[in-house]
Amino acid sequence: QVQLVESGGGLVQTGGSLRLSCAASGRTFNWYSLGWFRQAPGKEREFVAAINYSGDMTSSADSVKDRFTISRDNAKNTVFLQMNGLKPEDTAVYYCNVIKNWPSGTAGSWGQGTQVTVSS
């Protein structure tokens, strides 16, 4: 079982950048595909991006393509989400999770996430 902890959120102005991290425990980290999701106030949680176990395949939601990049460092048991060109509509709590069914079917429980707030 992989346990995941998100970090790196914060307050940023429109057009700014943030890099989120998802640190995993367990020696089987590089067996799993992982994904980022987000939930804005009053909305359902939605898929943002996913990366396969080896890092050579990714998938992103249309709303973040060309702005967000997912990557992973298996040596450090960490998945990253580089977010550029942030918009107010990107404001949400961001979560990572194990991907069971590519690209957005999750397998694990949700952590506490990390808050991203984009001011206009």
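## The whole chain

Residues 24 or more positions apart supply 55% of the contacts in the protein that have a separation of 6 or more, where a contact means heavy atoms within 4.5 Å. Before you select anything, note that this is a predicted model, in which local features need pLDDT of at least 70 and side-chain atom pairs count only at pLDDT 80 or more, while totals for chains, interfaces and linings use all residues. Residues are numbered from 1 along each chain as its sequence is written, and side-chain values use heavy atoms, with hydrogens and water left out.

Switch to cartoon view. You will find 11 strands and zero helices, so the pattern read along the sequence is β-β-β-β-β-β-β-β-β-β-β; here helices (H or I, at least four residues) and strands (E, at least two) are DSSP runs, numbered from the N terminus.

Now show the C-alpha atoms. Along the principal axes they fill a box of roughly 40 × 25 × 25 Å.

Of the 120 residues, 46% are buried; buried means under 20% relative accessible area, exposed over 50%, and partly exposed in between (1.4 Å probe, protein chains only).

## The disulfide

Select C22 and C96. Their sulfur atoms are 2.0 Å apart and form a disulfide, defined as a pair of cysteine sulfur atoms within 2.5 Å. The pair links distant parts of the chain: C22 sits in strand β3 (residues 18–25) and C96 in strand β9 (residues 92–101), 74 residues apart. The structure holds one disulfide.

Which hand does this disulfide of C22 and C96 have? The torsion about the S-S bond is about 70°, so the disulfide is right-handed. Both C22 and C96 are buried.

## Backbone stops in the loops

Most residues other than glycine have a negative phi, and most peptide bonds are trans. With that in mind, follow the chain to W102 and P103: the peptide bond between them is cis, with omega near 0°. P103 lies in the loop between β9 and β10 (105–106).

Jump to D66, in the loop between β6 (58–60) and β7 (68–73). Phi of D66 is near 75°, a positive value in a residue other than glycine. Is D66 buried or exposed? Its relative accessibility is 85%, so D66 counts as exposed.

Then select N77, in the loop between β7 and β8 (78–83). N77 is not a glycine either, yet it has a positive phi of about 50°.

## Last stop: A61

Return to the loop between β6 and β7, where you will find A61. With a relative accessible area of 15%, A61 is buried. Which residues does A61 touch, not counting those up to four places away in sequence? They are F47 and V48. To finish, draw a C-alpha to C-alpha distance from A61 to G16: the two are 19 Å apart in space and 45 residues apart in sequence.
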